[in-house]
Amino acid sequence: MKIICIGRNYADHAKELNNPLPKEPLVFMKPPTALLLEGKAFYIPAFTDDVHYELEVVLKICKNGRHVQPEFASGYYEEIGLGIDMTARDIQQKCKEKGHPWEIAKAFDHSAVIGSFCSKEQFVDNRILFSLNKNGETVQKGDTQDLIFSFDYIIQYVSKYFKLQMGDLIFTGTPAGVGPIKKGDVLEGFVGEDRMLRCEIR
Ligand code: MG
């Protein structure tokens with residue numbers, strides 16, 4: 001399986017990091033070793049002093065396909081969950097300045113935290129209200145109506161380049177409010193009132 005991530009997919013987040021709005025989806029990937037499954041603690045790696053959380057809606061791919069046409073895109077995901085795209089912001093900044101790839105800042109071990117998944121059927125028009133609490137306080141609030149590129153557009157776009165395979169995950173981008181974590185923090189992700197993800201930082 002692979003983990004496909006979309007960057008800068010909410011205008012308010014692109015703005016908070018002083019990034020221009022993309023005209024096409026900004027795509028990067030994480031390897032399977034980046035996965036940190038539901039309920040496991042995240043250990044801050046020694047190579048960074050500034051790991052940021054980025055709460056994102058995650059699509060679970062349910063069938064194989066390439067060059068998916070727009071009218072069929074919604075058939076490629078049935079379950080939706082939450083994930084945290086852990087980012088070594090200090091390292092990412094250096095990569096950006098040098099024009100280098102982001103992998104060491106974004107795709108390191110356990111940088112893709114995921115929670116539980118639920119059927120997408122309960123959401124009308126894929127509208128999902130989601131939020132992240134850090135130590136009980138809300139730090140991020142997202143509404144998928146604010147996505148620059150919709151789920152279906154992402155499926156269509158990404159599958160032009162990469163064959164989608166059952167079990168692949170797509171992180172669809174984070175809203176504003178990203179910030180640093182430290183040892184002892186507890187992160188909790190919610191869809192509406194339902195807690196879908198919990199991660200202790202060590
Ligand atoms: Mg992200």
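**Close-up 1. Lysine 60 lies over the face of phenylalanine 117, at 4.4 Å from the ring centre.** A charge is placed over a ring if NZ of Lys or CZ of Arg is within 6 Å of the ring centre and within 35 degrees of the ring normal. The charged end of lysine 63 likewise sits over the ring of tyrosine 76, 4.8 Å from its centre. The model is predicted: local features need pLDDT of at least 70 and side-chain atom pairs pLDDT 80 or more, while totals for chains, interfaces and linings use all residues. Residues are numbered from 1 along each chain as its sequence is written, and side-chain values use heavy atoms, without hydrogens and water.

**Close-up 2. The magnesium ion is coordinated by Glu54 (OE), Glu56 (OE) and Asp85 (OD), at 2.0 to 2.1 Å.** Donors are N, O and S atoms within 2.8 Å of the metal (3.2 Å for Na, K and Ca); water is not among the atoms, so sites may look incomplete. Along the chain, the donors have the spacing E-x1-E-x28-D.

**Close-up 3. The side chain of glutamate 54 makes polar contacts with those of arginine 89 (2.9 Å) and lysine 106 (3.2 Å).** Such a contact is a pair of N or O atoms within 3.5 Å; within protein, one must be able to donate a hydrogen and the other to accept it, and residues adjacent in sequence count only if both atoms are side-chain atoms. Glutamate 54 has a relative accessible area of 4% and is therefore buried (under 20%; exposed is over 50%, partly exposed in between; 1.4 Å probe, protein chains only).
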